[in-house]
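Trainee: I'm new to this one. Could we go through some of the labels and see where they come from?

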Amino acid sequence: MPIALRVSVVSLLGLLGLAGLVQLPLVPPLATRTGAATDRVLADLASQEAQQDARARANAVLGRFVGGEITRYFWGGFTGYLDVLGLEPPEDMQARISEAPQQVQLLLIPRDGGERYVALVQAEDGIPRGVACSGTGSPGRFERRGDQLQCPRGWRPLELRSAGGRA
């Protein structure tokens, strides 16, 4: 065991010595650097993190909305009220629900603009189907391809997670 430890220490010291010989520059972590370029990179990273957080919160609400509406359909029909499903929209998003015969749609609009989130649950021939999407602007028409609903043109599907964490 002591031999293995010695070999590890010698290897580590050898690597440090090699790094010094080839003069590898040691750059401080991004958060400790200064300058306009660094500030822009940090602002971009913060914006991306905020967008990912918003997408995750919207995805959770949309997933529960789709599952709740499908369940409600089998118990008597869709509902146009989030509180009936035990849901609340994220604090920084406005929720708009629209109902039509045999379908219900939830649109989540972030207060700061940017990406929007929509879920549609539609029953056809007594079978409810749902889809959730993200995009910009107003969602267009949802298409049905085979036995699945498709996102409007220009919008991307969101992977809905079940309560157990699986898709």
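Trainee: Why is Gln102 called partly exposed?

Mentor: Keep in mind that this is a predicted model. Gln102 has a relative accessible area of 45%. Buried means under 20% and exposed means over 50%, so Gln102, at 45%, is partly exposed. You'll find Gln102 in the loop between β1 (93-100) and β2. Gln102 also has a positive phi of about 65°, although it is not a glycine.

Trainee: And what makes Asp125 exposed?

Mentor: Asp125 has a relative accessible area of 73%, and exposed means over 50%, so the label is exposed. Asp125 sits in the loop between β3 and β4 (127-135). Its phi is positive too, about 60°, although Asp125 is not a glycine.

Trainee: On to the rings. Why is the pair of Tyr73 and Phe74 called edge-to-face?

Mentor: Their ring centres are 5.7 Å apart, and rings pair if the centres lie within 6.5 Å. The planes are at 75°, and over 60 degrees counts as edge-to-face, so that is the name for this pair.

Trainee: What makes the pair of Tyr73 and Phe78 tilted?

Mentor: Here the centres are 5.2 Å apart and the planes 35°. Under 30 degrees would be stacked and over 60 edge-to-face, with the rest tilted, so 35° gives tilted. The structure holds two aromatic pairs, and ring pairs link Tyr73, Phe74 and Phe78 into a cluster.

Trainee: How do you know which of Tyr73, Phe74 and Phe78 are buried or exposed?

Mentor: Tyr73 has 18% relative accessibility and Phe78 has 15%. Buried means under 20%, so Tyr73 and Phe78 are buried. Phe74, at 58%, is over the 50% cut-off, so Phe74 counts as exposed.

Trainee: Which residues touch the most other members of the largest nonpolar core?

Mentor: Leu62, Phe65, Leu106, Leu108 and Tyr117, out of 21 residues in that core. Two or more residues come from each of α2 (36-74), β2 (103-110) and β3 (116-124), and α2 gives the most, with seven. A second, separate core has 10 residues, including Leu107 and Phe142.

Key
Residues numbered from 1 in each chain as written. Predicted model: local features only at pLDDT ≥ 70, side-chain atom pairs only at ≥ 80, totals over all residues. Heavy atoms only, no water. Core = buried A, V, L, I, M, F, W, Y, C linked by side-chain atoms within 4.5 Å. Buried < 20%, exposed > 50% of the residue type's maximum accessible area, 1.4 Å probe, protein only. Helix = DSSP H or I, 4+ residues; strand = E, 2+ residues; numbered from the N terminus. Phe/Tyr/Trp six-rings, centres within 6.5 Å; stacked < 30°, edge-to-face > 60°.
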